[in-house]
Amino acid sequence: MSLSGEQLQQTARDTAGSLAGVSHGRPFTPHLDVWKVGDKVFLVVTDDDPDAQIITVKVDPDHGEALRHGHETITVGRYFDKRHWVSVGPGRGITKRLVEDLVHGSYELVADHLP
């Protein structure tokens with residue numbers, strides 16, 4: 001079952017909040033809920049536009065390309081490097097499991113590169 005924008009964002013927040021060593025805040029703007037591990041960003045939840053309820057996560061470039069080809073509402077990252085980040089909006093095929101997997105994967109990519 002596909003998630004609404006609100007469900008998508010809440011699933012991402014709940015998943016990120018369950019991970020070890022995570023912090024979050026709004027260091028850039030009041031409308032971006034930023035999640036970090038070891039001071040490195042792995043998730044951004046956009047709160048400024050109810051018509052664009054998205055999350056942005058880090059991905060392996062090849063995985064990101066496959067995701068963009070397979071899902072209409074997954075696009076290049078809105079705020080970061082367009083090759084290593086994707087933004088995910090609600091739409092067909094955007095499920096709770098997919099969002100959880102993307103948040104976990106983003107966390108692991110960032111955590112694996114910490115000293």
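In which sense do strand 1 and strand 2 pair, and over how many bridges? Let's find out in this predicted model, one close-up at a time.

**View 1. Strand 1 meets strand 2.** Here you can see strand 1, residues 22-25, beside strand 2. The two pair in the antiparallel sense, over 4 bridges. Strand 1 and strand 2 make a hairpin, and 6 residues lie between them.

**View 2. Strand 2, mostly under cover.** Now zoom in on strand 2, which runs over residues 32-37. Of its 6 residues, 5 are buried, so this strand is mostly covered; buried here means under 20% relative accessible area.

**View 3. Strand 2 turns into a hairpin with strand 3.** On to strand 3, residues 40-46, which pairs with strand 2 in the antiparallel sense over 6 bridges. Lysine 36 shows up again here, standing opposite valine 41 in strand 3. These two strands also form a hairpin, with 2 residues between them. Look for glycine 38 in the turn: its phi is positive, at about 55°.

**View 4. Aspartate 81 in its loop.** Last stop: the loop between strand 5 (74-76) and strand 6 (85-88), where aspartate 81 sits. Aspartate 81 counts as partly exposed because its relative accessibility is 41%, and that label covers values between the 20% and 50% cut-offs. Then find aspartate 101, 20 residues away along the chain from aspartate 81. The C-alpha atoms of aspartate 81 and aspartate 101 are 20 Å apart.

Conventions:
Residues are numbered from 1 along each chain as its sequence is written. This is a predicted model: local features need pLDDT of at least 70, side-chain atom pairs count only at pLDDT 80 or more; totals for chains, interfaces and linings use all residues. Side-chain values use heavy atoms; hydrogens and water are left out. Buried means under 20% relative accessible area, exposed over 50%, partly exposed in between (1.4 Å probe, protein chains only). Two strands pair if DSSP finds at least two bridges between them.
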